[in-house]
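User: Please take a close look at the pockets of this model. What are their volumes, and which residues line them?

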Amino acid sequence: MKNVKIDEKSKFFTTVFLMVVLCGVAFFLGYRKFEAKAAELDVDSSNLEARIAELEQYFLTEEQNKADTEKMIASMDEIFSHYQAVVRSEDGIFEAYNLVRGSEEKLELTSIGFESPSIIKQVPEETVVAADIEKYQDEIDFYSYNVTYEGRITYEGLKGMIREIANGDYNLAIGQMKYQINPEGYIEGSSQLSFYFVQGAGLDYTAPPVNEYETGLENLFGISGSGFASSEDTEG
């Protein structure tokens with residue numbers, strides 16, 4: 001009977017010991033899972049706090065951001081206001097008139113040469129669209145259009161011509177000027193001027209104020225005299 005009681009006690013203690021061990025293992029594993037979950041929640045919490053701080057900063061500066069955006073758009077509008085949508089050969093011809101007038105009639109032109117327009121700067125469409133400005137949605141291209149004026153001029157006339165280039169109505173740059181003194185004492189040579197225009201920014205074009213030619217069949221070239229036969233004279 002005594003041995004039986006010892007065995008029962010042993011079983012009891014063994015069972016209790018195993019239960020304690022199992023509880024410890026379960027607690028340890030559960031704690032580890034809880035610890036991992038707590039770390040995950042801590043990361044999520046930090047991310048949320050950072051995002052909340054960003055949103056808070058955005059709302060605190062929203063009015064300033066709007067003001068800065070409006071200022072930027074106004075600045076862009078100011079830049080584009082100095083350009084037109086295109087420059088044509090008639091603009092180059094009209095500038096010749098301006099140069100002669102600016103030189104106080106001292107410029108005597110012998111020729112005007114025109115080059116094809118070329119793109120000097122391009123803002124891709126994706127960049128423009130990404131800016132999210134309603135009035136600008138297309139690719140924006142900055143063009144240069146070179147015109148060369150050749151002839152002769154006096155020194156004082158050349159100074160007046162340069163003043164016209166700097167202060168005139170067109171957006172111009174001097175590409176190059178090649179002049180020399182000829183035997184008659186005139187400054188003779190050429191000036192290459194670069195006109196600029198912008199396409200894709202919704203700009204307009206205003207033609208130069210040049211009077212239109214009178215049209216019609218009567219005396220088209222203003223020639224007087226009886227050297228031309230009428231249609232009746234050539235019949236029969």
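Analyst: The largest pocket has a volume of about 220 Å³. A pocket here is an open set of points on a 1 Å grid over the protein atoms alone, where a 1.4 Å probe fits, with protein on both sides within 12 Å along at least five of seven lines. Its volume is the space filled by probe spheres set on the points, which are joined across faces, edges and corners. The model is predicted: local features need pLDDT of at least 70, side-chain atom pairs count only at pLDDT 80 or more, and totals for chains, interfaces and linings use all residues. Residues are numbered from 1 along each chain as its sequence is written, and side-chain values use heavy atoms, with hydrogens and water left out.

Lining residues have an atom within 4 Å of a point. The largest pocket has 16 of them, and Gln84, Asp91, Asp169, Tyr170 and Asn171 lie nearest its centre. Helix 3 (89-102) and strand 5 (187-199) are the elements that give two or more residues to this lining; helices (H or I, at least four residues) and strands (E, at least two) are DSSP runs, numbered from the N terminus. By residue class, the lining divides into nine nonpolar, five polar and two charged. Ala, Val, Leu, Ile, Met, Phe, Trp, Tyr, Cys and Pro count as nonpolar, Asp, Glu, Lys and Arg as charged, and the others, Gly among them, as polar.

The second largest pocket has a volume of about 180 Å³. Its lining includes Met76, Ile79, Phe80, Tyr136 and Phe142. Helix 2 supplies the largest share, three residues. This lining divides into 10 nonpolar, one polar and no charged residues.
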